[in-house]
Amino acid sequence: MIRTTPGARLAHDIANRGATAWIVSALLFAFYIVLYFTEWLTPVARALHLGSKWTLYGTLYTLAILIGGSFMIRRYGHNRYQVVRTLSVMIVQVLFAYSLPQLLAFLQQPEFYFSYFWPLKLDYLTPGYLFHLPWPFILWSILASFILVPILAIFFGKRWYCSWVCGCGGLANTFGEPWRHLSTKSSAWWRFERVSVYTVLVLCVVLTALLFVSYAVGGTHPQLASFTSQYQIWYGLIVASVLAGVAGVGLYPIAGTRVWCRFFCPMAALLGIIQKAGRYRITVKDDMCISCGLCSKYCEMGIDVRSYAQTNASFTRASCVGCGLCAELCPRGVLRLENAPPRAPQLQLVQIATQR
Amino acid sequence: MRCAIVGNGVAGVTAALGVRERDPRASISLISGEADYFFSRTALMYAFMDRLARRDLEPYERGVFDAQRIERVRGWVRDLDARSGTITLDSGRTLCWDRLLIATGSKPCRPPWQGLESVRSGQVHFVSMQDLEACEAAARRGEKAVVVGGGLIGIELAECLKWAGMEVTFLIREPWYWPVALSDAESAMAIAHMRHHGVNVVTGETVAAVETDARGAVTAVVTEQNRRYACLLLGVCIGVEPAVEWLKSVATPPRLNRGIVVDAGLRTSLVGVFAAGDCAEVELSGRAPVVEQLWYSAKRQGRVAARSMLGAPIEYEPPVFFNSSKLFDIECTAVGRFSATMREFYYRFESRDASLRLAEEGGAVKAFNLLGSRWNHKLLAGWIGERRSLDDVLGRLDEAQFDVEFGRLDLTPARAAFERWRAANPAAGKAQA
């Protein structure tokens, strides 16, 4: 590789696990540890007239999405899907994940995020939290989790959420863009993903059920109540703080941008199951692939897209968030994201090479 | 059965996997002097431009070859003896085979320029792993580059060298860029696009001589028009030819013409020896022999070769021609073959760098050349096979669009232009009585 200017060398170093990438990763880890486990940022937030450290965090997060999103739109401005999708995550972040909750707080209402749902946001289906909300919020939370989310996923796949709405995905697809290719494509990590992501989903569903049971009969079963509350604390610490925040973002420069989404997010797991049964797919144009590997390299979810493209196999993978970068980067236009009703299956060559 | 395959390009590897798929017991040896693992030659440009690492060029996980019990052998084959069923490598190792597949691909054509014999450095091609390394080394040396050619590899190398920050002159011998694939109007769009990316495109000039310094490093090329283009890197991308010269000095050479002559079963003149991919010249019944030098044809021939080696009565049948390319940002889809006797409808979109060219003969559509948007070539090839009229094809063209969501090319202006074209060409667009 030829990297002539110092700027180009630095960009390569940061984006390819060079020394600067490890420094950035360490800084991100440090930031999240300070944010979650200390109050050091509180005076900073006050000095900036931002109220709490969480408002400061929200402001930084929104700025990261807006700045990263602007670069994304500049870079892929010729691709309307990328422009629309990126604008969507930017607008959702500014309105639903930043302005509206603050407006609600100002109006003395609960600080509610209309862009997050159970099971990603466990609280939103937790009786102890949910039943203290005004009734429209309760109704929205239940309808969204059980009707809106699955129905949209049946018709559009998980992408309507993971790469159009979600804040985690939003940060990955804007600020995190330089690191998307670092996700591992090995089949061993695919096996790990299938165990880890569904494990978290099961833990989340069990916890939610326990919380309802405990809410109903906890008074007469103090052991159950205590176990559930311990479970909730540990789940919150490990899943919501460490895996989603500290490691999820801290590992951007080392392991790519979707570590949380791919290996741990219970929402992604649930949407992935619905996606497999729904209409969304990536259609492969027969015999046109040149096996260059750009699709696989730049898949943030670590899908070996090339293994499908070079064997003429249209496919739906549970993990695919529909960011569309594989289709954008394919130099032969082989891939297309579709949500069409199932067609007669294409003649699919059974290639022994894909058997592992 | 012992299968030896010379060359681990796409033809050789497809054949190796195809043999394993049908014969779990065969022993398979895959021999390459170029690289330890199969890589995608078509992606060399992305490795140069830092979009892919070397390892990313490999289409299969490395474990696949062990899992499929395909022995990889590194070395150049020096001798082939069909009487004893052996090949000998440069290391001296001898391999015995019952079936041998030669899939050695292409090598760059050697240009007839004066001064080439004194070149020691600075001149590169862009088709092999070694070429990639040579290009990277040469690109570090200086600012000025000249790429000579007029095809896809030339424009890919020009894009790479622009990426590396060099001043690139693209010298094209023909009056326009890539005349075998593009019309002059399409070429004009491509050339304007190249110039927009900062490439100095020169058409209609033929290189006559190469100048070097005392150490043999390239310093300039001089054209027949007596113009001199200074350069420290000279990319030679004037086409490729079957890599078969090594077969001329072996104990039992197969019959050679332009390539290794094979029948429709991809059998050479030697018993048990087959050839596939760029190096093969296929004699099909009732047709002129074909040398196909595309990724797609190599993959198809590799598939057929696997079955033929295992004794299946299979014949290679090239489908309706199709190819794809990318000229900087302009994606191109070609389906079918144009000829001078056909009537052509051409439309250049104003909204973006995109165009359509369709040809018809005897009332039936024969060929498509579509630039700047994405198309499903299988559907287009089907319409050629069904002998649909241009009228019909223009009416249903949107079915074959393959652009990204929200990014579809609006075909309305092209249809309006077609109506005008049809009025001016009353004989076209209708089936013959």
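B:Ser355 sits opposite B:Leu371 of β25(B). That pairing belongs to a run of 7 bridges linking β24 (residues 355-361) and β25 (residues 364-371) of chain B, two strands that run antiparallel; strands count as paired if DSSP finds at least two bridges between them. Strands here are DSSP runs (E, at least two residues), and helices are too (H or I, at least four), numbered from the N terminus. This is a predicted model, in which local features need pLDDT of at least 70 and side-chain atom pairs count only at pLDDT 80 or more, while totals for chains, interfaces and linings use all residues. Residues are numbered from 1 along each chain as its sequence is written, with chains lettered from A and ligands numbered from 1 in the order in which they are written.

Zooming out, both strands belong to an open, antiparallel sheet of 5 strands in chain B, ordered β21-β22-β25-β24-β23. β21 (322-327) and β23 (343-348) of chain B are at the edges with a single partner strand each, so one side of each has no neighbour in the sheet.

Now for the contact between chains. Here 31 residues of chain A are in contact with 36 residues of chain B, contact being C-beta atoms, placed from the backbone, within 7 Å. On the chain A side, α5(A) gives the most, with 3 residues. Elements giving two or more residues to that side are α5 (80-106), α15 (294-297) and β2 (335-339) of chain A.

How values were computed: Contact = placed C-beta atoms within 7 Å.
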